[in-house]
Amino acid sequence: MIEMCVFIGLPESIIAAACSRSGQRVLHVDSRSYYGGNWASFSFSGLLSWLKEYQENSDIVNDSPVWQDHILENEEAIALSRKDKTIQHVEVFCYASQDLHEDVEEAGALQKNHALVTSTNSTEAAASACLPTEDESLSTVSCEMLIEQTPSSDSESAQEVNGAEVTGEKENHCDDKTCVPSASTEEMSENVPIAEDTTEQPKKNRITYSQIIKEGRRFNIDLVSKLLYSRGLLIDLLIKSNVSRYAEFKNITRILAFRDGRVEQVPCSRADVFNSKRLSMVEKRMLMKFLTFCMEYEKYPDEYKGYEEITFYEYLKTQKLTPNLQYIVLHSIAMTSHTASSTIDGLKATKNFLRCLGRYGNTPFLFPLYGQGELPQCFCRMCAVFGGIYCLRHSVQCLVVDKESRKCKAIIDQFGQRIISKHFLVEDSYFSENTCSRVQYRQISRAVLITDRSVLKTDSDQQISILTVPAEEPGTFAVRVIELCSSTMTCMKGTYLVHLTCTSSKTAREDLEPVVQKLFIPYTEVEIENEQVEKPRILWALYFNMRDSSDISRSCYNDLPPNVYVCSGPDCGLGNDNAVKQAETLFQEICPNEDFCPPPPNPEHIVLDGDGLQPEANSETLKESRNLGNLGNPEEPSE
């Protein structure tokens, strides 16, 4: 009998790894063909196949349930949804030159994969594929039209997802990445070396849609855009559990601000502040004094007493800060908006930013090479190492509940097979409308752009940047922009992958298009030779809305058995703390007396049956191990 049945996502993967590590028998089931659910990353052709699956999923009609014949008299069933309703309002745009030939296919792909975007000639692109004027809307090819005109392809071979089916085909085309070693002691826990930027600057050439298709395996496109705080819960968990050995990371190189129609870099560390030419000497002293206070604000309650109920923006006005400094602190350090955070929340966010500085670089953030989708896979690997079983493309029809005990006793899969388990961990998206009839969901607006240059040009083209664009109208939200270069293994050389995220007030395109207009222009043949164009050109764009099921109380779901645990999908926050907190809380409910994700035993300390005591490790080996750990030890936090 299985002790835990899990449906895949980042929180579920963490819990599965923790349970498997503590000796539980774990079965991981998912109707999808890839790991991670909405936390996944895709190659370019994989993303096109995902879009096609989205269209096919929307056409699914729920047939009469065949599992009813398998329900006994003393049982009842909770039907699970066959439709994934977490993604809505999908729109795709292609601005790159459409010189696509039928024989163009992704390099290294198992099977020829046709493009999902219909062709338009360069004249049409110049005339119609442009951002709207004040009186126009964006010329687009809708997702439905794209899919109707696309030849069918085998989704199993076309779906190039990070590590899902073909894990060994990642191409290490960049020599600047370094594995992040794990650590088992407090001294070694600080050791997470970060890759250095040594990639040569590519020559500027015309980028066509054929090139994007052909180099599609160079792309690893995240459905959810997040970063890791260098002293956040997820980094601590990766180090503690030794899962960090499965991943590699790069440091975010710069934090940007958008003011008066311009993008500029924000100073972070003490050295950056005093080297900045955009701040006067008086402003530098003001900023350092305020940031020093924020690092230990709990010790000085009189400084913010009486301001707890007002917004952080109003509180900053009472401090001796210029408007320029208020803008930097509010949007680029606390990363909040005029109305989103209270004074206490703003001070906490500022302190968290500052305490993460200097651990692995000049900014507080890390990004996993090959994309955010690597993280759930890392924990899936740990689960598998300790005996976890994985079944992809295996749908579950219903949960079987015992009428007397009101506990869930089994699931029934697509073949009518009954799988018995003690505990069931289910992502919110699997529940039917009947189960979720009282749940009120929020939405996340997402955009993914492929561009030809950075939003802020510097001597190096290998910059990883984060930018917050404040909301301008009441009822709208600040937009977070994360720009990734090719050395992150998420895009081909000569391009950038840009993620835009905000809390939804309308559709994703309506929410994010104004910001796209400010920062980018469409890629057209007419302007390609014009080197005076300052803004990056968009080669390809995708907009979609994603369900935010975080902070939903369990009591909102109808008639859930006590041994069915609900995990939410991705939230709109920048970090992953919510997923880690959720995973640890649910793990403690399932295994109350177990350690959460302890490190695996050292192979040298494992004693097999019939073996005697293992000899103690050589002192020189221990010394060498410590020295190796010290090579990657992070610096002390910047003041």
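Guide: What follows is a set of questions, each answered by setting a value against its definition.

This is a predicted model, in which local features need pLDDT of at least 70, side-chain atom pairs count only at pLDDT 80 or more, and totals for chains, interfaces and linings use all residues. Residues are numbered from 1 along each chain as its sequence is written, and side-chain values use heavy atoms, with hydrogens and water left out.

Visitor: How many helices and strands are in the chain?

Guide: The chain has 16 helices and 23 strands, where helices (H or I, at least four residues) and strands (E, at least two) are DSSP runs numbered from the N terminus.

Visitor: Why are α7 and α15 called oblique to each other?

Guide: Helix α7 (residues 233-241) and helix α15 (residues 577-590) pack at an angle of about 55°, with their axes 8 Å apart; axes are lines fitted to C-alpha atoms, for helices over the stretch in contact, and angles run from 0 to 180 degrees between N-to-C directions. Angles under 35 degrees count as roughly parallel, over 145 as roughly antiparallel, 65 to 115 as roughly perpendicular and the rest as oblique, and α7 and α15 are therefore oblique.

Visitor: Which residues meet where α7 packs on α15?

Guide: Leu233, Leu234 and Leu237 in α7 are in contact (heavy atoms within 4.5 Å) with Asp577, Val580 and Lys581 in α15.

Visitor: Which residues of α7 are buried?

Guide: Buried means under 20% relative accessible area, with a 1.4 Å probe and protein chains only, and in α7 this applies to Leu234, Ile235, Leu237, Leu238, Ile239 and Ser241. These buried residues pack against several elements, including β8, β9 and β12.

Visitor: What makes β8 and β9 edge strands?

Guide: Two strands pair if DSSP finds at least two bridges between them, and the open sheet of three strands has the order β8-β12-β9, with antiparallel pairing. β8 (228-229) and β9 (249-251) each have a single partner strand, so one side of each is left without a neighbour in the sheet. Two bridges join β8 to β12 (residues 365-368), and Tyr229 stands opposite Phe365 in β12.

How values were computed:
Buried < 20%, exposed > 50% of the residue type's maximum accessible area, 1.4 Å probe, protein only.
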